[in-house]
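User: Could you walk me through reading pockets and helix packing in a model like this one?

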Amino acid sequence: MLAFTYQTLPQRVLFGPGRIASLREEVERLGTRRALVLSTPGKRALAEDAARRLGPLAAGILARAVMHVPIEIAREGREEARRLEADCYVAIGGGTTIGLAKAIALETGMPIVAIPTTYSGSEATPVQGLTEGGVKRTVREAKLMPRTVIYDPELTLALPPAVAGPSGVNAIAHCVEAFYAADANPITSLMAEEGIRALGESLPVVVARPDDLAARAQALYGAWLAGTALGTVGMALHHKLCHTLGGTFNLPHAETHTLILPQAAAYNRAAAPAAMARIARALGASDAPAALFDLASRLGAEMRLATFGLREADLERAADLAIESPYPNPAPVTRAGVRALLQDAWHGRRPGD
Ligand code: NAD
């Protein structure tokens, strides 16, 4: 029998080529006057461009965001926001940059304007990851939800295929787990299926023809749906594993998601048949885990965990951590099962072969 709870999250979304031109107007619309513009060190030029567009509304730039938000960087960001008396944060970049904005907002409650340039989905969630003492913890608070998101596919044209592919599969992972989330509902499942379809169709084009703006827009649309699903419902074993591997072993976020996803889907294949059927349908395939593996391989992604410097012995610790306070999951989460999953990921085995 159909029964569910569905909580929508308030957010204003602007989507389309050239929409970054509305940045100043959007900051004014929030009633804020002193925007702190955030980016990673490597993408400072994006922050400078945003600050130029903001004119007198730009209070300063902090190009210090670091993947998985180490607590030291979060503290530095909070200090800079206080020093500049910032009343809003403009995060331009991927999940790393948006993560820093959330780390600051967690303390101050000031609004975030997110301008995502990857497909991580962080801009559509009230969730914040912080890494302290080698362990990544997440918090979920309404004030962390970016108030405004500007999706401008032109900003993603510079995203290299080697980054765009895994980033897109990271978004697909949100969709996959949204189907079998403990609090799944029909609306997020619609978004998830459409998100996988949009990403599955567009990512091979993005990688083959990086200057194809229509494909970039389609991928960003899929990422929005994926992020919205991620923000609305809880996640399962796959995300737990990726948090563990990312936070504790400092593995790259999207790349880890990409190689774990087919293995995590295979783990849940028998326990979540309806989800698997919808994933396969969205990808135009018959077996979801194999189709996820094939899509990622076609995008040129690295499918072996071993390549990222993780030693086989590390898999023991990773399995121990992953089963500590496990997320709800369709298939029972066992130490032996997770250890076997990690072994398959370490070798990069195609599910079903
Ligand atoms: P990222 O932000 O580190 O970006 C990945 C790479 O893309 C970087 O090298 C960056 O320089 C490059 N890049 C970004 N925009 C570019 C552009 N326009 N042109 C060229 N290169 C560009 O990585 P990510 O995968 O987007 O985000 C990962 C982080 O986000 C992790 O810390 C993860 O935990 C977090 N995250 C959080 C949530 C959430 O809901 N809280 C969701 C997803 C990811």
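User: Which helices and strands each supply at least two residues of the lining of the largest pocket?

Analyst: Helices (H or I, at least four residues) and strands (E, at least two) are DSSP runs, numbered from the N terminus. In this predicted model, the elements that each supply at least two lining residues are helix 4 (95-108), strand 6 (127-132), strand 7 (135-140), helix 5 (161-179), helix 8 (237-249) and helix 9 (253-268). Helix 4 gives the most, with 5 residues.

As the model is predicted, local features need pLDDT of at least 70 and side-chain atom pairs count only at pLDDT 80 or more, while totals for chains, interfaces and linings use all residues. Residues are numbered from 1 along each chain as its sequence is written, and side-chain values use heavy atoms, with hydrogens and water left out.

User: How is a pocket defined, and what volume does the largest pocket have?

Analyst: On a 1 Å grid over the protein atoms alone, a pocket is an open set of points where a 1.4 Å probe fits, with protein on both sides within 12 Å along at least five of seven lines; lining residues have an atom within 4 Å of a point. Grid points are joined across faces, edges and corners, and a volume is the space filled by probe spheres set on the points. Here the largest pocket holds about 1200 Å³. It is lined by 49 residues, and Gly95, Thr96, Ser120, Ser122 and His253 are the closest to its centre.

User: How does that lining divide into nonpolar, polar and charged residues?

Analyst: Ala, Val, Leu, Ile, Met, Phe, Trp, Tyr, Cys and Pro count as nonpolar, Asp, Glu, Lys and Arg as charged, and the others, Gly among them, as polar. The lining of the largest pocket has 20 nonpolar, 24 polar and 5 charged residues.

User: And what about the second largest pocket?

Analyst: Its volume is about 310 Å³. Val135, Lys136, Arg137, Lys240 and Thr244 are the closest to its centre among 14 lining residues. Helix 8 provides the largest share of this lining, 5 residues.

User: Helix 8 also packs on helix 13; at what angle do their axes cross?

Analyst: Axes are lines fitted to C-alpha atoms, for helices over the stretch in contact, and angles run from 0 to 180 degrees between N-to-C directions. The axes of helix 8 and helix 13 (residues 335-347) come within 13 Å and cross at roughly 70 degrees. The two helices are therefore roughly perpendicular (65 to 115 degrees). Contact means heavy atoms within 4.5 Å; Leu237, Leu241 and Leu245 of helix 8 meet Val338, Leu341 and Leu342 of helix 13. These contact residues divide into 6 nonpolar, no polar and no charged.

How values were computed
Angles under 35 degrees count as roughly parallel, over 145 as roughly antiparallel, 65 to 115 as roughly perpendicular and the rest as oblique.
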